[in-house]
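Here's a quick briefing for anyone meeting this structure for the first time. Have a look at the model, then read on for the main points.

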Amino acid sequence: MVAFTFSGAAARFNEKRMLTAEEVNSIETAYLRLYLLSPATQPALKELLRRYVDSRLETYRRLPNMAAAEMEMAESKKIQEEVWNQAVTATRLSDSHPSAGLLLLPALNNMIDISTTRTMALRLHPPRIIYALLFGLGLICSLLAGFRMSSGQHRSWLHILGFTLLTVIIVYVMLDVEYPRAG
């Protein structure tokens with residue numbers, strides 16, 4: 001059970017890292033495709049994308065305070081809407097590249113989609129019952145080990161401390177991988 005939970009935490013941690021790279025790539029792609037727009041509309045959209053990146057970074061700086069992060073996510077959402085509306089308008093201008101709408105708008109859509117995917121990945125954790133079962137498992141193992149050691153002539157403090165220390169370290173690392181921003 002410990003291995004299953006630890007493996008799941010490690011997999012979710014790696015998925016979050018991959019989603020971070022994917023979000024960065026999608027924002028970069030959208031930013032580069034702004035060059036297809038009319039030169040007059042590029043500076044405003046580039047500035048909006050910079051604000052968007054700052055807002056996304058601030059969202060993750062505010063974690064694990066979910067209330068503060070939610071407020072910043074709402075700000076990111078507003079900026080997304082502004083970027084989208086301005087980009088749609090800019091792709092219709094006559095001095096924009098003819099394929100600007102076909103290339104820029106899907107990149108912006110991908111940028112918006114990945115932010116939602118990352119938000120959901122932040123909220124994906126094992127049910128609390130799993131942690132309760134792990135705690136119960138640790139207690140039962142301790143009880144059985146203590147029962148077995150009680151029949152001996154002397155106590156092995158090495159085994160007692162070793163078992164305790166290993167259990168605490170494993171649970172700590174598992175929770176730290178599962179909630180990396182909580183510390």
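Take the contacts in this protein between residues at least 6 apart in sequence: 74% of them join residues at least 24 apart, where contact means heavy atoms within 4.5 Å. Keep in mind that this is a predicted model, where local features need pLDDT of at least 70 and side-chain atom pairs count only at pLDDT 80 or more, while totals for chains, interfaces and linings use all residues. Residues are numbered from 1 along each chain as its sequence is written, and side-chain values use heavy atoms, with hydrogens and water left out.

**Overall build**

- The protein has six helices and zero strands; helices (H or I, at least four residues) and strands (E, at least two) are DSSP runs, numbered from the N terminus.
- Its radius of gyration is 25 Å, well over the 16 Å that the globule rule gives for 183 residues, so the protein is more spread out than a compact globule. That radius is taken over C-alpha atoms, and the rule is 2.2 Å times the number of residues to the power 0.38.
- Along its principal axes, the C-alpha trace spans about 90 × 25 × 25 Å.
- Of the 183 residues, 30% count as buried. Buried means under 20% relative accessible area, exposed means over 50%, and partly exposed is in between (1.4 Å probe, protein chains only).
- Accessible areas come from the Shrake-Rupley method with a 1.4 Å probe, and for residues only the protein chains shown count as cover.

**The nonpolar core**

- In soluble globular proteins, nonpolar side chains tend to be buried together.
- The largest nonpolar core here has 19 residues, and Leu37, Leu45, Val83, Leu108 and Met111 touch the most other members. A core of this kind is a set of buried Ala, Val, Leu, Ile, Met, Phe, Trp, Tyr and Cys residues joined through side-chain atoms within 4.5 Å.
- Helices H1 (2-33), H2 (42-61), H3 (66-91) and H4 (100-122) each supply at least two residues of this core. H4 gives the most, with six residues.
- Leu37 touches Gln42, Leu45, Ala90, Thr91, Ser96, Ala100 and Leu104, if you skip residues up to four places away in sequence.

**A buried glutamine**

- Gln80 sits in helix H3 and, at 5% relative accessibility, counts as buried.
- Leaving aside neighbours within four places in sequence, Gln80 is in contact with Tyr52, Ile112 and Ser115.

**A nonpolar patch on the surface**

- Met1, Val2, Ile129, Leu133, Leu137, Leu166 and Ile170 form a nonpolar surface patch, with about 590 Å² of accessible area together. Patches are made of residues with over 30% relative accessible area and no salt bridge: like charges are joined within 9 Å, nonpolar side chains (Val, Leu, Ile, Met, Phe, Trp, Tyr) within 5 Å.
- Helices H5 (128-150) and H6 (157-178) are the elements that give two or more residues to the patch, and H5 has the largest share with three.
- Met1 lies in the segment before H1 and is partly exposed, with a relative accessible area of 43%.

**Around Phe163**

- Phe163 belongs to helix H6 and is partly exposed, with a relative accessible area of 35%.
- Apart from neighbours within four places in sequence, Phe163 is in contact with Cys141 and Ser142.
- Phe163 and Gly146 are 17 residues apart in sequence and 11 Å apart in space, C-alpha to C-alpha.

**Salt bridges**

- Side chains of opposite charge can pair when their charged atoms come close.
- A search of the whole structure finds nine salt bridges, each a side-chain nitrogen of Lys or Arg within 4 Å of a carboxyl oxygen of Asp or Glu.
- Arg12 and Glu178 meet in one of them (2.7 Å, N to O). Arg12 lies in helix H1 and Glu178 in helix H6, so the pair ties together parts that are 166 residues apart in sequence. Both Arg12 and Glu178 are buried.
- Glu23 and Arg118 also meet in a salt bridge (2.5 Å, N to O). This pair links Glu23 in helix H1 with Arg118 in helix H4, 95 residues apart, and both Glu23 and Arg118 are buried.
- Arg51 and Glu82 form another (3.9 Å, N to O), with Arg51 in helix H2 and Glu82 in helix H3, 31 residues apart. Arg51 is partly exposed at 34% relative accessibility, and Glu82 is partly exposed at 32%.
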